Amino acid sequence: MRILILGGTGSARVLADHLVEDGHQVTSSMAGRTRNARLPRGGVRVGGFGGVAGLVDYLELNRIEALINATHPFAAQMNGHAFQACQQVGIPTLRLTRHSWADRPEADTWWWAVDHDQAGCLAQQFPGTILLTVGRQHSNDYYRPLADRRVLCRTTMAPDDPLPETWEMVVDRGPFDLAGEMALFAAEQVALLITKDSGGEQTAAKLDAAASLGVQVIMIARPPLLAGQTAVTSADQALSWVADLTQDQR
Ligand code: NAP
């Protein structure tokens, strides 16, 4: 089967590797924002498609039979475009995202924000050092509301703009474990964690550390799924979805 995976995440890479192993013709599409990204097996293309119309052209030209959108849960625009384009072309599509943190037992103790603006306003009410882990693209949304606060800004790549004077950059792509996170929180006397519901296990240790140390958490809610969208939370479930499609084709 000819499958397009919208990638840029670890689970997209794992999925592509398995689908290639199973004999499918897989192309992974990357936005092209990450330097030295680890590439999956199979074909790789880089860069935007040019909106819904561009993606429709790509799907038709390459006779794609199924699309799996495994982009980050916060890549809302790409998700909307992918869903619309697949509906127009008439091919099946699946959303693969990591399991949301909203199901964690301590989730109802967090301060949930609908977006970065709201999170920045909320954060002004809490004293003490802030650990900000909202990704490179959105760190600068907090420059103004938290301009005079001590903020440790942790991202996988440094933001392009210079940081406010009271901020400190921590460039680290993990993996993060509980011992390391507890040590960081204690050494820096972190009082507030601002993060977004990226979900999954790889970056969840900071939440365990916050719960164990009684650190306040502001959590930005992820964009909702679209009406009628089929979604799964693991590469294994996505493989089963493809297996069912292949079965139907026979
Ligand atoms: P976005 O706002 O939903 O997408 C903006 C535009 O970027 C899309 O309309 C599309 O351009 C292009 N694009 C996004 N993902 C693409 C892909 N996999 N292949 C080709 N074009 C893509 O997305 P974003 O939040 O900027 O994220 C961009 C990429 O970074 C995604 O692949 C995502 O998985 C990864 N990422 C995002 C986050 C995050 O927090 N948002 C975190 C880690 C990794 P056209 O309209 O021209 O097609």
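Let's start with the buried side of helix 3. Asn79, Gly80, Ala82, Phe83, Ala85 and Cys86 are buried there, where buried means under 20% relative accessible area, exposed over 50%, and partly exposed in between, with a 1.4 Å probe and protein chains only. An α-helix has 3.6 residues a turn, so residues three or four places apart point the same way.

A word on the source. This is a predicted model, so local features need pLDDT of at least 70 and side-chain atom pairs pLDDT 80 or more, while totals for chains, interfaces and linings use all residues. Residues are numbered from 1 along each chain as its sequence is written, and side-chain values use heavy atoms, without hydrogens or water.

Back to helix 3. What covers its buried residues? The cover includes strand 1 (2–6), helix 2 (51–61), strand 4 (66–69) and strand 5 (93–96). Contact here means heavy atoms within 4.5 Å. Helices (H or I, at least four residues) and strands (E, at least two) are DSSP runs, numbered from the N terminus.

Now the length check. Helix 3 has 14 residues, 76–89, and should span 20 Å at 1.5 Å a residue. The rule is 1.5 Å times one less than the number of residues. Its end C-alpha atoms are 20 Å apart, which agrees. Gly90 follows helix 3, with a positive phi near 85°.

Next, salt bridges. The criterion is a side-chain nitrogen of Lys or Arg within 4 Å of a carboxyl oxygen of Asp or Glu. By this rule the count comes to eight.

Take Asp208 and Arg104. Their closest N and O atoms are 2.5 Å apart. This pair links distant parts of the chain: Asp208 sits in helix 7 (residues 205–213), Arg104 in the loop between strand 5 and strand 6 (111–113), 104 residues apart. Buried or partly exposed? Arg104 has a relative accessible area of 18%, so it is buried. Asp208, at 33%, counts as partly exposed.

Then Arg150. Its salt bridge with Glu168 has closest N and O atoms 3.7 Å apart. Glu168 lies in strand 9 (residues 167–171) and Arg150 in the loop between helix 5 (136–139) and strand 8 (151–155), so the pair ties together parts 18 residues apart in sequence. Glu168 is partly exposed at 37% relative accessible area. Arg150 is partly exposed too, at 33%.

Arg150 also meets Glu188 in a salt bridge, 2.5 Å from N to O. Glu188 belongs to helix 6 (residues 178–188), and this pair is 38 residues apart.
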